[in-house]
Amino acid sequence: MNLLILGANSDVGYATARLFAERERANVYLASRNMDLLEKKATDIAIRHQIKATPLFFDATDYDTHQLFYTNLEIKPDIVVLCFGILGNQEDAQKNVSHAREVIDTNFTGALSILEVIAEDFEKRGHGVIIGISSVAGLRGRQSNYIYGAAKGALSTYLSGLRNRLAKRGVHVVTVLPGFINTKMTDGMDLPEKLTATPDQVALDIHKAFQKKKNIIYTRWFWKWIMLIIRGIPETIFKRLSL
Amino acid sequence: MDHARAVNILADGEKMNIESWGRYPKTTGEGYSFETVKTLAAHLEKNNMFIPYGMGRSYGDSALNEKVILTRRYDKLIQFDPEQGIVICESGVTLDELIRIFLKKGWFLSVTPGTKFVTVGGAIASDVHGKNHHKAGCFSNSVLWFDLMLPDGRIVRCDREKNRDLFLATAGGMGLTGIILTAAIKLKPVKSAYIRETVVRCNNLKDAFEKFEIHEDATYSVAWIDCLSKGKAKGRSVLMAGENASTGAIDLPRKRTVSIPLDLPSFCLNSFSVKCFNHLYYMKSPQYTENRLTPLDTFFYPLDAIGHWNRIYGKKGFTQYQMVLPKASSFEGLDLILDKISSAGMGSFLAVLKLFGPQNDNYLSFPMEGYTLALDFKIQSRLFAFLDHLDDIVTDYGGRIYLTKDVRMSPDTFKKGYPAWDTFSALRQHYGMNQKFQSLQSKRIGV
């Protein structure tokens, strides 16, 4: 089994690569921009689990390179986990459209660009699993991070469309909706401890979703219920809340 | 998430609770994590006065400080030589990880402490010892070399020839010489994940000393000792000796672990309950059993099976008192110390006795040839005055206290116990380490 992690320097990407190497004996492609770190991680996983781990340079927002990136893979992956994304800064993004675009381009346009390339190949082969890491922030816009949320909301919508298209071809698409995770992305933020998952917990949930062929999962599981409540609040009330 | 951006977010320094295993004292401080040497160098450049913090398994205040460098993210394996059993890894890798990865390939740690939940960096900085100290020495004996980041961000490779002074200061140096980055560790070949264990009951301290001598050829040996028994039974013990088995599976049996979910009220542990426990433990142990097959996990890390076992001492926390006396004065000194402990009625049920082999050249490594005694005390009034009293006895008999467990010894006790302290201190000054690295402990003992 071959696994491609897009955004493998992210904490969730790295934890997922480790877990699939251990549990599925998967060979892993680790794709991201910081090659120094990526090479270290690839060596580490290869020694730990005696599988093949290959570091690859990949830039999510350099769309023109995506086709070539995928074509160059000698052995095509069976599973793709899309983990890249940036949180950005909401205030910056409000004032500065170039930062807003950065958030949208990385989280959404970049994802769309590479996944279309992969979807085409999977569709032809009639085989494969695509796992996209979106966010609960995409389920309802809140003043504190609605630009990030909008990009993730677009990604979730995109993934559901892709699932619909590929289901008939034997290709499975999983949408992962994490709440808070303790990672580099959220470092410095004051997160409620009980609601915050570790990257390893998220990786376990992703692996379970893969095994059970789930369509949409929340991670940790309780976010499903939290979001049910948050989404149920009538807009007339919701707009007055400071969330 | 792309990394260039992440590094900035990572340059954190956020406030966090920092605790050691004894959970005393409870402190808050700024944490700085790193995944690359570049990030680490940036932390060092921008700030002063750090101590590295790995798994937080040292007992006292040796890894506590207002600013700590968190090493756990720096945890990659770099190379493994399956012929020689040499692993090169970053300092944040834990011994638990090394065992899980390499035991099934037939390799085990040459030296392991009583918990596997410590980092490689921590094991070097404490120069930890294990049940085979009398044969294999300290953890640093299994270290071929390590790379150290100095206060100015320079990275130097240290071994027993190159930068020998830095090697001698850093192994056992409590993180006060810089940040250990990577290390080459020599593993030991094993045929099985089991130990052939011999268990012997010893009626009193004298008997225990004799049994240690009898079993001096055993690869591993350690004794549990009842610190509260008096009279003829004073110092009664259960000696456990072991050899790596040549039969038995190479994979560890999966064990269910339990966890202490919350702080126990501190009155649960009193001299009566501890006496009861000790009596039952002693009686439960066989008079003599030879060569029983024990999983390596159970033999080396009995307490690792109980998550958060430090909670049994209650909210206020505890301290472990570990001392060693030179062999010639061991019996007399320990006999006296046991008297003091049993009459104070403050001892606990986790007390350990072991005979060390010769000491090494490291400036601040703890072990010396002689008997070591380790026991836990919950934090309570009168305790520190009592331990000061024990310190005097230890010092009088030419012994010393283990820095990794210590949270209260005086500068005087430290300096008498570690005569090479001034060499260590001068080296810190020479490299400017005293301007960059400190812990609550180093401030207290004046090094």
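## Two helices in chain A

Helix α1 of chain A (residues 11–23) packs against helix α2 of chain A (residues 35–49) at an angle of about 25°, and their axes lie 10 Å apart. Angles under 35 degrees count as roughly parallel. α1(A) and α2(A) are therefore roughly parallel to each other. Their crossing is right-handed. This is a predicted model.

On the α1(A) side, the contact is made by Tyr14(A), Ala17(A), Arg18(A), Ala21(A) and Glu22(A). On the α2(A) side it is made by Lys41(A), Ile45(A) and His49(A). By class, the residues of this contact divide into 4 nonpolar, 1 polar and 3 charged.

## Chain A as a whole

The secondary structure of chain A comes to 9 helices and 7 strands. Its C-alpha atoms fill a box of roughly 55 × 35 × 35 Å, taken along the principal axes.

Chain A has a radius of gyration of 18 Å. A compact globule with 243 residues would have a value near 18 Å, so the two agree.

## The four-stranded sheet of chain B

In chain B, 4 strands form an open sheet. The order is β1-β2-β4-β3, and the pairing is mixed. β1 (14–18) and β3 (51–53) of chain B stand at the edges. Each has a single partner strand, so one side of each is left without a neighbour in the sheet. From one strand to the next, the twist averages 50°.

The pairs can be taken in turn. β1(B) and β2(B) (residues 27–33) pair in the antiparallel sense over 5 bridges. Here Lys15(B) stands opposite Glu30(B) in β2(B). β2(B) is also joined to β4(B) (residues 67–70), by 4 bridges, and these two run parallel. Gly31(B) stands opposite Val68(B) in β4(B). Then 3 bridges join β3(B) to β4(B), which run parallel. The bridge partner of Tyr53(B) is Leu70(B) in β4(B). In a regular strand the side chains alternate between the two faces of the sheet.

## The eight-stranded sheet of chain B

Another open sheet in chain B is formed by 8 strands. Its order is β15-β11-β13-β12-β18-β19-β17-β20, and the pairing is antiparallel. At the edges stand β15 (288–295) and β20 (400–401) of chain B. Each of these has a single partner strand, so one side of each is left without a neighbour in the sheet.

One pairing in this sheet joins β12(B) (residues 220–225) to β13(B) (residues 237–244). The two run antiparallel, with 6 bridges between them. Val222(B) stands opposite Met240(B) in β13(B).

Helix α10 of chain B lies across β17 (318–326) and β19 (370–378) of chain B. It runs at about 140° to β17(B).

α10(B) (residues 327–344) also meets helix α11(B) (residues 383–396). The axes of α10(B) and α11(B) come within 10 Å and cross at roughly 170°. Angles over 145 degrees count as roughly antiparallel. α10(B) and α11(B) are therefore roughly antiparallel to each other. Their crossing is right-handed.

In α10(B), the residues in this contact are Gly333(B), Leu336(B), Ile337(B), Lys340(B) and Ala344(B). They meet Phe386(B), His389(B), Leu390(B) and Ile393(B) in α11(B). By class, the contact of α10(B) with α11(B) has 6 nonpolar, 2 polar and 1 charged residues.

Note on methods. Residues are numbered from 1 along each chain as its sequence is written. Chains are lettered from A and ligands numbered from 1 in the order in which they are written. This is a predicted model: local features need pLDDT of at least 70, side-chain atom pairs count only at pLDDT 80 or more; totals for chains, interfaces and linings use all residues. Two strands pair if DSSP finds at least two bridges between them. Axes are lines fitted to C-alpha atoms, for helices over the stretch in contact, and angles run from 0 to 180 degrees between N-to-C directions. Angles under 35 degrees count as roughly parallel, over 145 as roughly antiparallel, 65 to 115 as roughly perpendicular and the rest as oblique. A crossing is left-handed if the near helix is turned anticlockwise from the far one by less than a right angle, and right-handed if clockwise. Two residues are in contact if their C-beta atoms, placed from the backbone, lie within 7 Å. Ala, Val, Leu, Ile, Met, Phe, Trp, Tyr, Cys and Pro count as nonpolar, Asp, Glu, Lys and Arg as charged, and the others, Gly among them, as polar. The radius of gyration is taken over C-alpha atoms; the globule rule is 2.2 Å times the number of residues to the power 0.38.
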